Amino acid sequence: MSLKRLDYLDRDQLNKIHRLGTIRNTNRILQQLSSYLEKYREDYSTIFYLNKEGREYVASEKIRKKTNFVQHVIMRNQFYIYAGFPSEWKNEMELSDGEYKVICDAWFKAKGKYHILEVDYQQTMKENRNKIEKYKGLYKNKSMENKLGHVPPLIWVTTTELRKKKLAELCKGLLYGVYTINDIK
């Protein structure tokens, strides 16, 4: 079910989510489930996703394949683990007030408040700047604040310290947080 909800997970993420203990035990369980899973190696980890039998078993319509987008999803899922497995978590959610529209990577509730997650894996800084400007427009119009009773913080996960610094500069004036992938592992 975690693969239905989160699309792609590496072995270490599956281990943490399901508290499987040792790597050896995790490998044993994944081997038992192999008829429901597809896997491939990328860098130093093995990425898992549901195959046809796995999708049928968990009643999932969404077909997953190996794409360039997978590492983006792996980073998003690493934040899901870091945030303590929020029960309210929606991937690729559209936020709009009629004037501004943005699709966030994840929308979740933690510590009683909603948060917005954006993952910066291979986007250009220009794309990130444009997205942040849309968030500034949404926040300026206060539509989310009026609906929720609070301003949801904008959380970024990125790959390097330099990108973290640039994103922090772009987010000035917003309620935000920026992490590198190493910060949340």
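Student: Which residues make the nonpolar surface patch of about 320 Å²?

Tutor: Leu33, Tyr36 and Tyr57 make that patch. Before we go on, this is a predicted model: local features need pLDDT of at least 70, side-chain atom pairs count only at pLDDT 80 or more, and totals for chains, interfaces and linings use all residues. Residues are numbered from 1 along each chain as its sequence is written, and side-chain values use heavy atoms, with hydrogens and water left out.

Student: What makes something a patch?

Tutor: Patch residues have over 30% relative accessible area and no salt bridge; like charges are joined within 9 Å, and nonpolar side chains (Val, Leu, Ile, Met, Phe, Trp, Tyr) within 5 Å. The areas come from the Shrake-Rupley method with a 1.4 Å probe, and for residues only the protein chains shown count as cover.

Student: Why is Tyr36 called partly exposed?

Tutor: Buried means under 20% relative accessible area, exposed means over 50%, and partly exposed is in between (1.4 Å probe, protein chains only). Tyr36 has 31%, so it counts as partly exposed. You'll find Tyr36 in the loop between helix H3 (23–32) and strand E2 (37–42); helices (H or I, at least four residues) and strands (E, at least two) are DSSP runs, numbered from the N terminus.

Student: How do you know that Lys62 and Asp7 meet in a salt bridge?

Tutor: The rule asks for a side-chain nitrogen of Lys or Arg within 4 Å of a carboxyl oxygen of Asp or Glu. Lys62 and Asp7 have 3.2 Å from N to O, so the pair qualifies. It links distant parts of the chain, 55 residues apart: Lys62 is in the loop between helix H4 (52–57) and H5, and Asp7 in the loop between H1 and strand E1 (9–10).

Student: Are these two buried or partly exposed?

Tutor: One of each! Lys62, at 47%, counts as partly exposed, while Asp7, at 6%, is buried.

Student: What other salt bridge does Asp7 form?

Tutor: Asp7 also pairs with Arg64, with the closest N and O atoms 3.0 Å apart. Both Asp7 and Arg64 are buried.

Student: And why is Glu118 called buried?

Tutor: Glu118 has 0% relative accessibility, so it is buried. Its side chain meets that of Lys131 in a salt bridge, at 2.9 Å from N to O.
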